[in-house]
Amino acid sequence: MREQRFISKPLTEPGGFTSGIEGPGCDAGGNLYAVNYVRQGTIGKVTPEGECSIFVDLPKGSTGNGIRFDSVGDMLIADYTGHNILKVDMQTREISVYAHDPNLNQPNDIAIGTNDIVYASDPNWQDSTGQIFRVGADRTFTLLETGMGTTNGIEVSPGEDILYVNETVQRNIWAYDLSPDGEISNKRLLIQFPDFGMDGMRCDVDGNIYVTRHSKGTIVKLSPGGDVLEEVELGGKGCTNLAFGGSDGRTCYVTVADRGNVESFRTDLPGRSWKLYKDRGQL
């Protein structure tokens, strides 16, 4: 039987996560992690079969958003209420502060390069403005860009030479040239949507960009040039973020806030994150 692609179905039961469900990320073993399972301030673990459990409780005052994994397999979490990036040792489940800056609005979503440089969006929702920060080996936040709209979804291209950032309220996706040491330049508009907002986004191995269309309830697949290639309808409208996983990296998991659950669909190409694991020999 031919595989159905780009058809979304529920993976977990509605209401298992709070309306703050966000930040999905898959480990090399194919397990999915997302924030705010059962209650705010947790990280939930979802097996490929859809079985859910609490993986860790975050420290008091911390609430997770974006999740990524570094080159040694540790989990990095954007903690927007604590103004941190937290690190979780996946073996011991010990939680530590990877980077902290009280002057940020909120580290919202994060992306990571093969060199473990982290890029964080920093929106000010009240003023509809935003910034971009970098966290390098010194584990300090360095401002890359300010005076933007509500920066939200952020991703590094498979070639590590482009940084994508979207603005939810303004409905723009910007592309920057990205240097090996994490400097950005040559800002250009990739696409502006005429309606609905955006949230998280991820790249596949060919550099196509999957974007959550919040309130529209779809995932749009864009070419590296900004052309719309596919649009996947979801069961819920409040899609907040997505991640690639599964044994072949071709399962796309979507966090859906208005239903408090995870949906999934099959794609034609693996995600960039899967290729990172493969290149490191972690698969």
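Biologist: Which residue in E15 is the bridge partner of Val-156?

Modeller: Val-156 is bridged to Leu-163 in E15. Strands here are DSSP runs of E, at least two residues long, numbered from the N terminus, and two of them pair if DSSP finds at least two bridges between them. E14 (residues 151-156) and E15 (residues 162-167) run antiparallel and are joined by four bridges.

Modeller: A note on the source: this is a predicted model, where local features need pLDDT of at least 70, side-chain atom pairs count only at pLDDT 80 or more, and totals for chains, interfaces and linings use all residues. Residues are numbered from 1 along each chain as its sequence is written, and side-chain values use heavy atoms, with hydrogens and water left out.

Biologist: How many residues lie between E14 and E15 in their hairpin?

Modeller: Five residues lie between them, and Glu-160 in the turn has a positive phi of about 65 degrees.

Biologist: Why is E14 described as largely enclosed by the rest of the structure?

Modeller: Buried means under 20% relative accessible area, using a 1.4 Å probe and protein chains only. Six of the six residues of E14 are buried, so the strand is largely enclosed.

Biologist: How many disulfides does the structure hold?

Modeller: A disulfide is a covalent bond between the sulfur atoms of two cysteines. The cut-off is a pair of sulfur atoms within 2.5 Å, and the structure holds zero disulfides.

Terms used: Buried < 20%, exposed > 50% of the residue type's maximum accessible area, 1.4 Å probe, protein only.
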